[in-house]
Amino acid sequence: MAENDDLASLEESFKKFAIYGDTKATGQEMNGKNWAKVCKECKVIDGKTITSTDVDIVFSKVKAKTARVINYEEFKKALEELAAKKYKGKSKEEAFEAISQLIAGKEPTNVGVTKATSAKTVERLTDPSKYTGSHKERFDETGKGRGKSGRETMVENTGYVGAYKNAGTYDAKVKK
């Protein structure tokens with residue numbers, strides 16, 4: 001029973017890593033980049049017995065000749081190959097179980113994602129009430145952006161030059 005839970009958990013981790021970073025992914029196939037990410041984040045790569053080169057070689061071995069992705073069955077074969085190399089003293093089953101424990105239940109982390117800061121040094125740069133010149137034109141009094149009208153000069157087809165002071169007075173003069 002515990003073995004079934006581990007395999008279900010392993011398959012769930014496979015699906016999570018398979019869709020990571022690809023909006024079109026279905027979770028049925030994993031590319032080489034995500035395979036390397038699984039091995040790196042789940043500490044399969046230790047730098048001594050298993051390196052990133054070993055991971056890439058195993059990926060190339062288990063995938064079909066012209067394919068660029070592996071499915072879940074090929075994923076398990078790849079883990080078996082890495083397990084045999086990582087845990088040399090154990091039997092194949094024990095080694096596969098040990099490497100499955102490393103991956104089961106894990107999901108990809110977003111390393112290096114920039115967080116929004118609200119430090120005093122940044123606050124003055126992001127406060128639109130302190131903007132001057134042409135940048136001031138892009139925001140209204142509340143600090144909300146004006147969108148396209150704030151970025152581009154909107155053409156008014158009134159027939160007058162942009163800063164003409166007596167705009168709209170021609171009709172009043174002519175009618176007299």
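Predicted model: local features only at pLDDT ≥ 70, side-chain atom pairs only at ≥ 80, totals over all residues.
**Two lysines and a helix**

Lys63 sits in the loop that links helix H3 (52–62) to strand S2 (69–70).

Lys63 is buried, yet it forms no salt bridge. The nearest side chain of opposite charge belongs to Glu74, 9.1 Å away. A salt bridge needs a side-chain nitrogen of Lys or Arg within 4 Å of a carboxyl oxygen of Asp or Glu. What does the side chain of Lys63 have as a polar neighbour? The backbone oxygen of Ala67 lies 3.1 Å from a polar atom of that side chain. Beyond its neighbours within four places in sequence, Lys63 is in contact with Val69, Ile70 and Glu74.

Now the whole chain. The protein chain holds 8 helices and 2 strands. In sequence order the pattern runs α-β-α-α-β-α-α-α-α-α. Of its 176 residues, 26% count as buried. The protein chain exposes about 13,200 Å², and carbon and sulfur atoms supply 51% of that area. Take the contacts with a separation of 6 or more: residues 24 or more positions apart account for 51% of them.

Next comes helix H5, residues 92–103. H5 has 12 residues and reaches 17 Å from its first C-alpha to its last. That is close to the 16 Å expected at 1.5 Å a residue. Which residues of H5 are buried? They are Ala95, Phe96, Ala98, Ile99, Ser100 and Ile103. Just after H5, Gly105 takes a positive phi of about 80 degrees.

Lys43 lies in the loop between helix H2 (32–41) and H3. Is Lys43 buried or exposed? Lys43 counts as exposed because its relative accessible area is 59%, and the cut-off for exposed is over 50%.

Lys43 and Ile99 are 56 residues apart in sequence, but 9.4 Å apart in space, C-alpha to C-alpha. Ile99 is one of the buried residues of H5. Setting aside residues up to four places away in sequence, Lys43 touches Lys86 and Leu102.

How values were computed
Residues numbered from 1 in each chain as written. Heavy atoms only, no water. Helix = DSSP H or I, 4+ residues; strand = E, 2+ residues; numbered from the N terminus. Buried < 20%, exposed > 50% of the residue type's maximum accessible area, 1.4 Å probe, protein only. Lys, Arg positive; Asp, Glu negative; His and termini not counted. Polar contact = N/O pair within 3.5 Å; in protein donor to acceptor, adjacent residues only side chain to side chain. Contact = heavy atoms within 4.5 Å. Areas by Shrake-Rupley, 256 points an atom, 1.4 Å probe, with all protein chains shown as cover. Expected span 1.5 Å × (residues − 1).
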